[in-house]
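Here are my notes on the model, as numbered points. Please read them with the structure open.

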Amino acid sequence: MIEALLNYPLIQNAFLSGLIIGIIAPLLGVFIVVRRMSLIADALSHVTLAGIAGSLYLSQSVASLALLNPIYLGIVASVGGSILIERLRSLYKHYEELAIPIIMSAGIGLSAIFISLASGFSTDLMSYLFGSVSVVSRQDLIVISIIALVVFVFLFLFFKEMFVLSFDEEFAKATGLPSKWIHLLFIIVVALVIAASMRIVGILLVSSLITLPVATAMRISKGFKETILYSIIFGESAVIIGLISAFYLNLVPGGTIVITSIIILFFVILVKKLVLSLRVGRR
Amino acid sequence: MTKPLIELQNVSFQYEHTKVLHNISFSVSEGDFLAILGPNGSGKSTLLKLLLGIVKPLSGEIKLFGESINSFHNREWVGYVSQKSNAFNSAFPATVEEVVKSGLTKKLGLFRRIPKNANRLVRNALESVGMENYMSRNIGQLSGGQQQRVFIARALIAEPKLLILDEPTVGIDHENVQSFYDMLATLNKEQQKTIILVTHDVDTVSNRISHVACLNHTIHFHGFKKDFDTISNNKLNDWYGHSVRKIH
């Protein structure tokens with residue numbers, strides 16, 4: 001493994017990307033989960049798929065675009081989808097959640113059309129659906145690093161506003177915070193992280209890397225910063241264990257990372273139950 | 001004559017075609033402890049939204065600290081505590097300390113980080129509401145009354161001159177309501193906070209307040225508590241219907 005890491009740049013890329021995503025996905029995930037937006041992440045990942053499939057089709061049919069990295073159109077689709085979701089949410093004020101199935105089906109519909117135009121499933125497409133340890137390019141790694149930088153800058157500037165907005169929207173409005181703008185920026189950053197994460201865990205499993213570590217952290221943490229810290233620890237562990245096992249067992253990393261997250265989640269729930277029952281027993 | 005912190009002149013407001021507030025005029029002076037009374041649907045919450053600048057009046061003028069609300073920028077002078085029931089997500093993973101600290105957000109402004117000495121400010125604010133021993137507790141595990149005290153501390157940490165509370169005792173156990181009002185009275189007397197409190201039940205108007213305003217789409221009475229006490233129950237019935245009664 002260490003030898004492979006040292007000698008194969010593609011595997012280096014995958015590991016470095018994985019380590020970055022293991023931090024930013026759960027970090028942003030905490031805000032997504034507490035704001036009850038987990039399903040939006042799912043919808044956006046399917047819109048990203050439309051961008052990826054469209055790009056794969058274009059690179060097949062237009063010679064000059066043959067080398068286009070699908071991650072760019074994926075990002076464009078994801079960000080576009082996020083803005084569209086916000087527009088739809090304000091259009092259906094009393095049925096905000098309707099925006100999610102609308103955007104999700106649009107994403108899957110477009111993907112299906114592009115996939116059939118590109119004459120079916122290719123190994124390339126498979127790697128975008130479930131992630132891959134061996135096809136992450138240097139360019140992907142650079143894009144993922146830039147997205148991570150955007151996330152850090154966003155949270156550095158707006159952490160306290162995001163906390164108020166997530167905890168108590170009414171209070172945010174009453175104190176005159178520019179909630180609308182911050183929310184729009186936030187959802188665009190979410191779209192970027194989803195586009196970045198799909199290279200490693202795959203489009204179908206992106207939202208799990210955003211939500212599962214947070215779900216686990218919330219079982220044991222009392223405070224907000226504590227929740228963020230635990231989420232990152234659980235997310236990062238799942239990525240490392242998942243990538244190593246994917247490498248050795250020749251499996252897709254999306255599957256191994258998500259199943260590792262699930263195992264960690266159940267383990268934490270079980271340990272917490274045990275500790276609680278021991279405490280009760282002692283009394 | 002103390003200077004008025006809030007002045008409303010002939011303020012009216014309507015949602016689409018429903019008139020909510022009609023020709024409201026009154027003022028609140030520094031150091032007042034005003035209770036706005038009114039039944040459900042009388043326009044109390046709308047009145048507060050107008051004062052907070054969340055909605056704009058259809059006609060009339062609102063002045064805060066002598067300045068028109070449209071040009072008023074010192075929003076941190078106004079602390080707001082909403083009704084507990086719909087205010088926040090009780091399963092939110094945050095400690096009391098984190099919640100109180102978040103009250104500094106608007107005062108600090110965008111792009112500024114919470115300063116290192118904030119912990120001392122948090123402690124002071126929590127001491128004012130008698131919650132200093134709950135700093136590291138999870139907010140969701142506190143009782144309704146304790147949570148409401150924490151939210152007052154969150155407002156206090158920004159050192160507001162005026163506190164606006166929207167039915168703060170909804171969801172608080174009956175036995176804790178009295179001590180809750182005692183705490184507000186102390187804030188009013190010892191820290192010279194001007195307080196506006198909205199409630200829909202006259203029963204909760206205790207002897208701790210200085211002024212009363214009776215609202216049902218328009219202001220039926222505004223004045224000292226002692227003058228309010230001379231109003232007959234019949235008159236209150238006229239204003240509010242049978243839903244409001246007064247106990248002495």
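1. Start with strand E9 of chain B. B:His211, B:Ala213 and B:Leu215 point one way from E9(B), while B:Val212, B:Cys214 and B:Asn216 point the other way, and all are buried. The strand, residues 211-216, is mostly covered, with six of its six residues buried. Keep in mind that this is a predicted model.

2. Next, the strand's partners. E9(B) pairs with strand E3 (residues 33-37) of chain B in the parallel sense, over four bridges. Here B:Leu34 has B:His211 as its bridge partner. With strand E10 (residues 218-224) of chain B, E9(B) pairs in the antiparallel sense, over six bridges. In that pairing B:Ala213 is bridged to B:His222.

3. The turn deserves a look. E9(B) and E10(B) form a hairpin with one residue between them. B:His217 sits in that turn and has a positive phi of about 70°.

4. Now the cores. The largest nonpolar core has 132 residues, and those touching the most other members are A:Phe186, A:Phe224, B:Val100, B:Leu126, B:Ile152 and B:Leu184. H9(A) gives the most to this core, with 14 residues. A second, separate core has 33 residues, including B:Val11, B:Ile24, B:Leu52 and B:Leu64. In soluble globular proteins, nonpolar side chains tend to be buried together.

5. Leaving aside neighbours within four places in sequence, B:Leu184 is in contact with B:Phe33, B:Ile152, B:Leu165, B:Ile195 and B:Leu197.

6. On the interface: 28 residues of chain A and 32 residues of chain B take part in the contact. The area buried between chain A and chain B is about 2700 Å². Carbon and sulfur atoms give 63% of that area.

7. Polar links across the interface. Nine residue pairs are in polar contact between chain A and chain B, counting pairs with both residues at pLDDT 80 or more. The salt bridge count between the two chains is one. It joins the side chains of B:Arg154 and A:Asp168, at 3.0 Å from N to O. On the side of chain A that touches chain B, helix H7 (138-167), H8 and helix H11 (224-249) of chain A each give two or more residues. H7(A) gives the most, with nine residues.

8. Finally, a loop residue. A:Thr175 lies between helix H8 (169-174) and helix H9 (179-201) of chain A. Is A:Thr175 buried or exposed? A:Thr175 is buried, because its relative accessible area of 13% falls under the 20% cut-off. Its side chain reaches the backbone oxygen of A:Ala172 at 3.1 Å. Not counting residues up to four places away in sequence, A:Thr175 touches B:Arg75 and B:Lys106.

Methods. Residues are numbered from 1 along each chain as its sequence is written. Chains are lettered from A and ligands numbered from 1 in the order in which they are written. Side-chain values use heavy atoms; hydrogens and water are left out. Buried means under 20% relative accessible area, exposed over 50%, partly exposed in between (1.4 Å probe, protein chains only). A polar contact is a pair of N or O atoms within 3.5 Å; within protein, one must be able to donate a hydrogen and the other to accept it, and residues adjacent in sequence count only if both atoms are side-chain atoms. Contact means heavy atoms within 4.5 Å. A nonpolar core is a set of buried Ala, Val, Leu, Ile, Met, Phe, Trp, Tyr and Cys residues joined through side-chain atoms within 4.5 Å. Two strands pair if DSSP finds at least two bridges between them. Buried area is the accessible area (1.4 Å probe) that two parts lose on being put together, summed over both. A salt bridge is a side-chain nitrogen of Lys or Arg within 4 Å of a carboxyl oxygen of Asp or Glu.
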